[in-house]
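Have a look at the picture first, then we'll go piece by piece.

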Amino acid sequence: LIEENKGVFIEIQGHTDNTGTDEINMALGQKRAEAVMMYLYKQHRIPLHRMSIVSLGSSVPVADNSARDGRSQNRRVEILVYE
């Protein structure tokens, strides 16, 4: 992937539901993003300098946090690819 696309940069965003404190959710989002970055590095050989991670905690929900299904959808990692 990266060898063919030298100008590509990947941003990995970690997200959580709104359960817990902001501090805990920011740390959890960071850990989720780091886990994905290490997977991409170890399994797919994407260089670390081509990736960055950011935790958005519970600040960008995609579903309603008042329902179990919604909270489940909000616990996620998003990968953005920039050229």
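Leaving aside its neighbours within four places in sequence, which residues is Ile79 in contact with? They are Ile10, Glu11, Val36 and Leu40, where contact means heavy atoms within 4.5 Å.

Before going further, a word on where this comes from. This is a predicted model, where local features need pLDDT of at least 70 and side-chain atom pairs count only at pLDDT 80 or more, while totals for chains, interfaces and linings use all residues. Residues are numbered from 1 along each chain as its sequence is written, and side-chain values use heavy atoms, with hydrogens and water left out.

**The overall plan**

The chain has two helices and three strands, and from the N terminus on they run β-α-β-α-β. Helices (H or I, at least four residues) and strands (E, at least two) are DSSP runs, numbered from the N terminus. The C-alpha trace spans about 45 × 20 × 20 Å along its principal axes. Of the 83 residues, 30% count as buried; buried means under 20% relative accessible area, exposed means over 50%, and partly exposed is in between (1.4 Å probe, protein chains only). Among contacts between residues at least 6 apart in sequence, 68% join residues at least 24 apart. The chain exposes about 5400 Å², and carbon and sulfur atoms supply 53% of that. Such areas come from the Shrake-Rupley method with a 1.4 Å probe, and for residues only the protein chains shown count as cover.

**The strands**

Two strands pair if DSSP finds at least two bridges between them. β1 (9-15) pairs with β3 in the antiparallel sense over seven bridges, and six bridges join β1 to β2, these two running parallel. For a closer look, Ile12 stands opposite Ile79 in β3, and Glu11 has Ser52 as its bridge partner in β2. Is β1 enclosed or open? Six of its seven residues are buried, so β1 is largely enclosed by the rest of the structure.

Back to Ile79, which lies in strand β3. Ile79 is partly exposed, with a relative accessible area of 45%. Ile79 and Gln43 are 36 residues apart in sequence and 16 Å apart in space, C-alpha to C-alpha.

**The first helix and what follows**

Helix α1 has 23 residues and reaches 32 Å from its first C-alpha to its last, close to the 33 Å expected at 1.5 Å a residue. That expected span is 1.5 Å times one less than the number of residues. Which residues of α1 are buried? They are Asn25, Gly29, Ala33, Met37 and Leu40. An α-helix has 3.6 residues a turn, so residues three or four places apart point the same way. What covers the buried residues of α1 includes β1, β2 and β3.

Met38 also sits in helix α1, but Met38 counts as partly exposed, at 31% relative accessibility. Together with Tyr41 and Leu48, Met38 forms a nonpolar patch on the surface, with about 240 Å² of accessible area. Patches are made of residues with over 30% relative accessible area and no salt bridge: like charges are joined within 9 Å, and nonpolar side chains (Val, Leu, Ile, Met, Phe, Trp, Tyr) within 5 Å.

Just after α1, Arg45 takes a positive phi of about 60 degrees. Most residues other than glycine have a negative phi. Arg45 is found in the loop between α1 (22-44) and β2 (51-57), and counts as exposed, at 63% relative accessibility.

**The salt bridges**

A salt bridge is a side-chain nitrogen of Lys or Arg within 4 Å of a carboxyl oxygen of Asp or Glu. How many are there by this rule? The count comes to two.

| Pair | Closest N to O |
|---|---|
| Asp17 and Arg75 | 2.6 Å |

Asp17 is buried, with a relative accessible area of 7%, while Arg75 counts as partly exposed at 38%. In the other pair, Arg76 counts as buried at 13% relative accessibility, and Glu78 is partly exposed, with a relative accessible area of 28%.
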